[in-house]
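Welcome! Please take a moment to look at the sequence and the 3D structure shown here, and then let us walk through some of the features together.

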Amino acid sequence: MDKETIRERFKENPGIKRVIDWLIMNQVQTRPRWFIRMLAPLYQHRGRHAVIHRSVRMDTPPYRRFSLGDYSVVESFSCINNAVGDITIGSHTRIGLHNTIIGPVAIGSHVNLAQGITVTALNHRFEDTGKRIDEQGVTTSQVTIGDDVWIGANAVILPGVTIGSHVVVAAGAVVTKDVPSHSLVAGVPAKIIKEI
């Protein structure tokens, strides 16, 4: 039985899925339990000469995909969380110091993320005023970053955004909408400054 068949069976049976999730994820710390983290090298895909610095928080349960391409680096004090969606990172890509990436996120090859960047595909629900926000769950919307992209320090990429290839996102920008290829964007919210 392949992994996709197993995943589909879990989706069809929410009771079993809840039990498995409880066994794998620490519900208070919202990260995989210590014995699951010890097994991470067996279920994470790391390409040739890929590096994940020791201080990186890898919240990557085995029921989601994590893939890091050849010669790519995840620098110190970053957080990679694929608990709600797969994360794929291409080759020759650098995830800078103190970045946070929450899936589902697809990052291309030859991408440079500077320091302090947040890339999140997750949003908390809050519409039901009769319930606390932490009771309403979350939604996700895929974030896609193309090849040959440079994202400046402290930028924020929000859920559902697609960034094309050969794009520069200025430091401190908050990207709320899709960015076409060959663009420079800046500001809050980010706007196209010029074509490149």
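## The nonpolar core

Among the 35 residues of the largest nonpolar core, the ones that touch the most other members are Ile101, Val119, Ile145, Ile151, Ile163 and Val169. A nonpolar core here is a set of buried Ala, Val, Leu, Ile, Met, Phe, Trp, Tyr and Cys residues joined through side-chain atoms within 4.5 Å. At least two residues of this core come from each of strand S6 (66–68), strand S9 (87–89), S12, strand S17 (143–145), strand S18 (149–151) and strand S21 (167–169). Helices (H or I, at least four residues) and strands (E, at least two) are DSSP runs, numbered from the N terminus.

Before going on, a word on the model: it is predicted, so local features need pLDDT of at least 70 and side-chain atom pairs count only at pLDDT 80 or more, while totals for chains, interfaces and linings use all residues. Residues are numbered from 1 along each chain as its sequence is written, and side-chain values use heavy atoms, with hydrogens and water left out.

Which residues does Ile145 contact, leaving aside its neighbours within four places in sequence? They are Ala106, Ile107, Gly108, Val111, Val119, Ile151 and Ile163, where contact means heavy atoms within 4.5 Å.

Is Gly103 buried or exposed? Gly103 is buried, because its relative accessible area is 0%; buried means under 20% relative accessible area, exposed over 50%, and partly exposed in between (1.4 Å probe, protein chains only). Gly103 contacts Asn81, Val84, Gly85, Asp86, Ile87, Ala121 and Thr140, with neighbours within four places in sequence left aside. From C-alpha to C-alpha, Gly103 and Asn82 are 4.9 Å apart in space, although 21 residues apart in sequence.

Most residues other than glycine have a negative phi, and most peptide bonds are trans. Gly103 and Pro104, however, are joined by a cis peptide bond, with omega about 5°. Pro104 also sits in the loop between S11 and S12. Another cis peptide bond links Val188 and Pro189, with omega about -5°, and Pro189 lies in the loop between strand S23 (183–186) and strand S24 (191–195).

His110 has a positive phi of about 60°, although it is not a glycine. You can find His110 in the loop between S12 and strand S13 (112–113), and its relative accessible area of 46% makes it partly exposed. His182, another residue other than glycine, has a positive phi near 60°. The loop between strand S22 (174–175) and S23 holds His182, which counts as partly exposed at 41% relative accessibility.

His45 belongs to strand S3 (residues 45–46) and is partly exposed, with a relative accessible area of 44%. Not counting residues up to four places away in sequence, His45 touches Phe66, Ser67 and Leu68. The C-alpha atoms of His45 and Arg65 are separated by 8.2 Å, and these residues are 20 apart along the chain.

## The largest pocket

How much space lies in the largest pocket? About 480 Å³. On a 1 Å grid over the protein atoms alone, a pocket is an open set of points where a 1.4 Å probe fits, with protein on both sides within 12 Å along at least five of seven lines; lining residues have an atom within 4 Å of a point. Grid points are joined across faces, edges and corners, and a volume is the space filled by probe spheres set on the points.

Of the 14 residues that line the largest pocket, Asp21, Met25, Thr30, Ala83 and Val84 are the closest to its centre. Helix H2 (14–24) and strand S1 (25–26) are the elements that give two or more residues to this lining. By type, the lining residues divide into seven nonpolar, four polar and three charged (Ala, Val, Leu, Ile, Met, Phe, Trp, Tyr, Cys and Pro count as nonpolar, Asp, Glu, Lys and Arg as charged, and the others, Gly among them, as polar).
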